[in-house]
Amino acid sequence: LEAQAPSKNGPSGVGKENYTWSLRHVHLVPLSWEEEVELLERELARSHAALRLEEERNRALPQIPLVTNDIEYQQRANAAVTRFIAFLRDRNLYPMRDYMDPALREHLGSFVPLESRNFFAIAMHYDPLTLYTHSTHWWDTARMREEPHPSPVRRGALLSNIWDSRSEGMATAMEELLLHAGLFDDSPRSREIVWIMLAQRAARGLASLHLQANDMDIAQAKAFQVEWTPRGWMRPDLDLLGFEQQLYLRQPGYGTSYVTGKFLLEDLIRVRSHQLGDAFTMSSFFEEVNAAGMIPVSLIRWQMTGEGGPPAGPPCTTTRSSRSGWPCSRTSSASRASSRAAGCVSTTLRSCRSRTGSPPRSRTGASTRASSSRCSPRPSRRATSAARPSAPPGGTPRPRWRRTPRGSCRCGRRSSR
């Protein structure tokens, strides 16, 4: 390996087109490389602006004292878990289980000397609760063990890490959701750490995107992440920086899943609360999401709301189809603009059905079936292969559906975009 390493000087990233195809058809995230760049740039700007406002708000307050030894660390960590569990229970914000408290206490961490603290250790030695809000991972793994999903497909970890938008997205979303819910009202300086963590993940994800596009080499990606992580907390002299960028280079789509998954879950809150109205609660929302299993957020959305769905069927072209080829909907241009997270043209329930059929009913019994203005294309025999996802760039062209005068859908051919 050492002998051949100097000759391995080709591009490492998969390229924008391949990245988008993998994102949509492997991870089932209804976005493109360009859309993820736009989203992460927005989150990077928003987190920096929010941090500056928090600093102005807290200008007269003292800084949080740093932990100085392991005894103090364990005391602060255990107190943080107790406070966290009590907050969720007393506010009825999350469906509580007996395994949640011990699952967190098994992963409290330990004291790290100042000269060796990486980004996450720095945050933990100020306020470990800021990282414990991200530790819903341990609840997810405990739930899979204690409450196995009735479906064997959803019972274990899915291949190719396609659960990343759900797992990392939920963990990242919880940080800001709980900030807004009041978890850090009695510790305003801790709110600053939440925004720092979001900025770091946005900077890290943006660097990974440009690395996959071969716009940056790994040294430039690391430098970008260091520059845009506030307060110099992403240290270039420690192993975490190189580990993260190499990890996300090897696993396209994973480095951005923290922020894109957060966005998809926030948009799911918007849609589900709109559907349920006054009956919506955060606790019931998390109950529905958890009951769906560790699957991509797009599929959870499809199950809970009837919107979106997997990119398995060909789009119906009664109206303009989505860029990802997901089921389309017949609705106004105003509602089309707010539906990108579903990969659809619309956020209403009057959805055109693809060959995959109607979306499933949600666990709460809310019907997701269309009312009157749906089309239900009947493909001809020659279009039976169209239910497969689009081929990767350079592969077999993707079938395209078009309306015939008789009102049935037939298959044409075109090059894959």
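Reader: What gives the most to the lining of the largest pocket?
Author: α11 does, with five residues. Helices here are DSSP runs of H or I, at least four residues, numbered from the N terminus. This is a predicted model, where local features need pLDDT of at least 70, side-chain atom pairs count only at pLDDT 80 or more, and totals for chains, interfaces and linings use all residues. Residues are numbered from 1 along each chain as its sequence is written, and side-chain values use heavy atoms, with hydrogens and water left out.

Reader: Which other elements give two or more residues to that lining?
Author: α5 (119-126), α6 (129-132), α7 (136-146) and α9 (188-212) do, along with α11.

Reader: How many residues line the largest pocket, and which lie nearest its centre?
Author: The lining has 26 residues. Nearest the centre are F120, L131, H134, L240 and E244. A pocket is an open set of points on a 1 Å grid where a 1.4 Å probe fits, with protein on both sides within 12 Å along at least five of seven lines; lining residues have an atom within 4 Å of a point.

Reader: How does the lining split by class?
Author: It has 14 nonpolar, eight polar and four charged residues. Asp, Glu, Lys and Arg count as charged; Ala, Val, Leu, Ile, Met, Phe, Trp, Tyr, Cys and Pro as nonpolar; the others as polar.

Reader: New topic. At what angle do α2 and α12 cross?
Author: Roughly 90°. The axes of α2 (residues 33-57) and α12 (residues 257-276) come within 10 Å. That makes α2 roughly perpendicular to α12 (65 to 115 degrees).

Reader: Which residues make the contact?
Author: From α2, E36, L39, L40, E43 and R46 take part. From α12, V259, T260, K262 and F263 do. Contact means heavy atoms within 4.5 Å. Four of these residues are nonpolar, one is polar and four are charged.

Reader: Now L66. Where is it?
Author: L66 sits in the loop between α2 and α3 (70-91). L66 touches E72, R76, R117, H125 and Y126, leaving aside residues up to four places away in sequence. A123 is 57 residues from L66 along the chain, and their C-alpha atoms are separated by 9.5 Å.

Reader: Why does L66 count as partly exposed?
Author: Because its relative accessibility is 29%. Exposed means over 50%, buried under 20%, partly exposed in between.

Reader: And N92, what is its phi?
Author: Near 55°, a positive value in a residue other than glycine. N92 is in the loop between α3 and α4 (100-105). At 54% relative accessibility, N92 counts as exposed.

Methods: Axes are lines fitted to C-alpha atoms, for helices over the stretch in contact, and angles run from 0 to 180 degrees between N-to-C directions. Angles under 35 degrees count as roughly parallel, over 145 as roughly antiparallel, 65 to 115 as roughly perpendicular and the rest as oblique. Buried means under 20% relative accessible area, exposed over 50%, partly exposed in between (1.4 Å probe, protein chains only).
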